[in-house]
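Colleague: I am new to this structure and would like to go through it with you. Please show it first, and then I will ask.

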Amino acid sequence: RVSAAAGSELLAVDGLSMHFALGRGWLGKGGKTLRAVDDVSFTIKPGETLGLVGESGCGKSTLGRSVLRLLDPTAGSIRFEGTDITRLSQRELRPLRRRMQIVFQDPYGSLNPRISVRSTLAEALRVHGLVKSAGEEADRLAALLTRVGLRPEAMHRYPHEFSGGQRQRIGIARALAVEPRFIVADEAVSALDVSIQAQIVNLLMDLQDDLGLSYLFIAHDLKVVEHVSHHVAVMYLGRIVEQLPKEKLEHDARHPYTQALRSAVPELDPHKRRLRILLHGDVPSPVDPPSGCAFHPRCPIMQRGLCDVTRPSLRELAPGHHVACHLAG
Ligand code: SF4
């Protein structure tokens, strides 16, 4: 288990699970449980980014929402700035809300098309009592839009008047408006063209440098995650199967799933071309996960009698490097 003891961490997540009960049968029996997130632990320090990577449906977005308490976790604990927020009521959470923000994948879906950019951003300022006059509000919004690479005049326009990349800048401005310390970026660049992705990623990294922000950066694209993160956590069927410093990804990743994801990243340098490890089959259902190691039906080095029977626990291979695989060493 990755230690989540209180310390210099901004966020410490310990043993977090998020289970959903699915339709119960006769007399309430026979219902199944979807284990979207299962016993996950990690920490994030101030000014650092933890990249969370995995195929769609592995539970990473549910995890992102759970740590912000947009969902109520089934088990485990979340400490933010030293405060245990796991069981706080929504009222008790309110003062902390502005310190923890989220940027969504689809900025168009998360921006009301009928509301101008100014109203969208001003609402966040007003809810948290951050401005005292209309003049102060206009000044702050102009500075905010400039900060995310838009012109101040953009505040008078509506979401449909912007491109996908510009809308994502507005989504980032909305998150920044309330001066957060921590942002969950949930597939924040996944829907954008590659060149626009790079611009938004660079913006997020600049903001981190300037403001000391911490990110939980969620994506299915390991290349992007590798670029922005200090540490990377690889998720499979609701569990973290490997967590390691970003620098170790290229040569020291030990979990076969991490190695397969890594081998799928296109390498432009012909001297570095690597063998692609093909994963067969789809991700199994988290309602009926495979026995033993959940990855065993797709694992190229699976050992029968061990991997299909006993679930590997997450163990520390080196400082900051944890892996859940019987054969990794
Ligand atoms: Fe593969 Fe076995 Fe390791 Fe799971 S525990 S990743 S099945 S080798």
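What follows is a set of questions and answers on the structure shown above.

Modeller: Two notes first: this is a predicted model, where local features need pLDDT of at least 70, side-chain atom pairs count only at pLDDT 80 or more, and totals for chains, interfaces and linings use all residues. Residues are numbered from 1 along each chain as its sequence is written, and side-chain values use heavy atoms, with hydrogens and water left out.

Colleague: Which residues come nearest to the ligand?

Modeller: A residue is near a molecule if one of its heavy atoms lies within 4 Å of it. There are 13 residues around the ligand. Those that come nearest are Cys293, Cys299, Cys307, Cys325 and His326.

Colleague: How many charged residues does the shell around the ligand have?

Modeller: Ala, Val, Leu, Ile, Met, Phe, Trp, Tyr, Cys and Pro count as nonpolar, Asp, Glu, Lys and Arg as charged, and the others, Gly among them, as polar. By that scheme the shell has 10 nonpolar and three polar residues. The number of charged residues is none.

Colleague: How many aromatic pairs does a search of the whole structure find?

Modeller: Rings of Phe, Tyr and Trp (its six-membered ring) pair if their centres lie within 6.5 Å; planes under 30 degrees apart count as stacked, over 60 as edge-to-face and the rest as tilted. Searching the whole structure on this basis, the number of aromatic pairs is four.

Colleague: Why is the pair of Tyr236 and Tyr257 edge-to-face?

Modeller: The two ring centres of Tyr236 and Tyr257 are 4.7 Å apart. Their planes stand at 65°, so the pair is edge-to-face.

Colleague: Which parts of the chain does that pair link?

Modeller: Helices (H or I, at least four residues) and strands (E, at least two) are DSSP runs, numbered from the N terminus. Tyr236 and Tyr257 are 21 residues apart, and the pair links distant parts of the chain. Those parts are strand 9 (residues 231-236), with Tyr236, and helix 10 (residues 256-263), with Tyr257.

Colleague: Are Tyr236 and Tyr257 buried or exposed?

Modeller: Buried means under 20% relative accessible area, exposed over 50%, partly exposed in between (1.4 Å probe, protein chains only). Tyr236 and Tyr257 form one aromatic cluster with Phe295. Both Tyr236 and Tyr257 are buried.

Colleague: The charged end of Arg157 sits over the ring of which residue?

Modeller: A charge sits over a ring if NZ of Lys or CZ of Arg is within 6 Å of the ring centre and within 35 degrees of the ring normal. The charged end of Arg157 is 4.5 Å from the centre of the ring, and that ring belongs to Phe162.

Colleague: Where is Arg69 found, and is Arg69 buried or exposed?

Modeller: Most residues other than glycine have a negative phi. Phi of Arg69 is positive, near 60°. Arg69 is in the loop between helix 1 and strand 4 (75-80). At 6% relative accessibility, Arg69 counts as buried.

Colleague: What is the relative accessible area of Glu179?

Modeller: Glu179 is in the loop between helix 6 (164-176) and strand 7 (182-186). Phi of Glu179 is also a positive value, near 60°. Glu179 is partly exposed, with a relative accessible area of 40%.

Colleague: How far apart are the C-alpha atoms of Arg65 and Asp186?

Modeller: Arg65 lies in helix 1 (residues 60-67) and is partly exposed, at 25%. Along the chain, Arg65 and Asp186 are 121 residues apart. Their C-alpha atoms are separated by 8.9 Å.
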